[in-house]
Amino acid sequence: MDLATIIGIVSGLLLVVWGILGKGSLSWFFDFSSLLIVVGGTIAATFVSFPLDKVLASFKVVKKAFSTNGFQPGIVINKIIDLANVARREGLLALEEAVEDINDEFLQKGVMLIVDGTDPELVKNILETELSFLEERHSEGKSLFDMMGTMAPAFGMIGTLIGLVIMLKQLDDPKSIGPSMAVALITTFYGSLLANLIFVPISKKLKIRSREEILLKEIMIEGLLSIQAGENPRIIEEKLKAFLPPAIRKSLSNDGKTEADVNE
């Protein structure tokens, strides 16, 4: 569970509630009709904008915003270096047995392409094509929440206009003007709150998660091509670390020796 997402949403809601209770009552800010217009309208517009299967699939992606960060470049680099050492000692065909210990399907596929003797350029094209479609699938999930972040305030405004029309129809009753105006504004409140605390932040978090996963896949591609080219494991390690920011790169550094150096 990603605590940052949970803390952000919970603290945001608590601050809003605190601000309300400081000068008023929570009951003043609850109106079922307004909530129905904003939430129902946003969901309805999302279904209009995206095919049903895309909507259902994209909602499953939201769990990535609440899951623990899976960005572990050190584990990926170490695994590639292990594969490089095996290939250097026993040859590329020996990597077939090492595939059983690989949990990542993308890396498994790349290793099997190498074992099958696929041309390096073809290996690169196949893996980059798969990476491209992975990025496209991620962008679909992000675009859905971008859409909801846009639609929620819009339907908040629609609810406000509905409330204003109702209020204007009752101008002959001065006592109803205040409550009617309050209800009209609540829909705008709901739309802004949902957009700026839920939908847009989740979209940003999904974008970050996507970039991290794509970076790991790019590291895998470079590592696999380097193994196929027969490069020294130590050189491969330094090459893969170059993909990472200096802070992460430094945290991954050890005594500077790879298994190949020790064996030699």
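The protein has 12 helices and 0 strands, both taken as DSSP runs numbered from the N terminus (helices H or I, at least four residues; strands E, at least two). The model is predicted, so that local features need pLDDT of at least 70 and side-chain atom pairs count only at pLDDT 80 or more, while totals for chains, interfaces and linings use all residues. Residues are numbered from 1 along each chain as its sequence is written, and side-chain values use heavy atoms, with hydrogens and water left out.

The radius of gyration of the protein is 27 Å, whereas a compact globule of 264 residues would have one near 18 Å; the radius is taken over C-alpha atoms, and the globule rule is 2.2 Å times the number of residues to the power 0.38. The C-alpha atoms fill a box of roughly 95 × 40 × 25 Å along the principal axes.

The structure contains 2 aromatic pairs (rings of Phe, Tyr and Trp, the last by its six-membered ring, with centres within 6.5 Å; planes under 30 degrees apart are stacked, over 60 edge-to-face and the rest tilted). F29 and F189 pair edge-to-face, at 5.4 Å centre to centre and 65° between the planes. F29 lies in the loop between α1 (3–23) and α2 (32–49) and F189 in helix α9 (residues 174–228), so the pair ties together parts 160 residues apart in sequence. F189 also forms a tilted pair with Y190, at 5.9 Å centre to centre and 45° between the planes. F29, F189 and Y190 make up one aromatic cluster.

Y190 is buried at 8% relative accessibility, whereas F189 is partly exposed at 25% and F29 is partly exposed at 30% (buried, under 20% relative accessible area; exposed, over 50%; partly exposed, in between; 1.4 Å probe, protein chains only).
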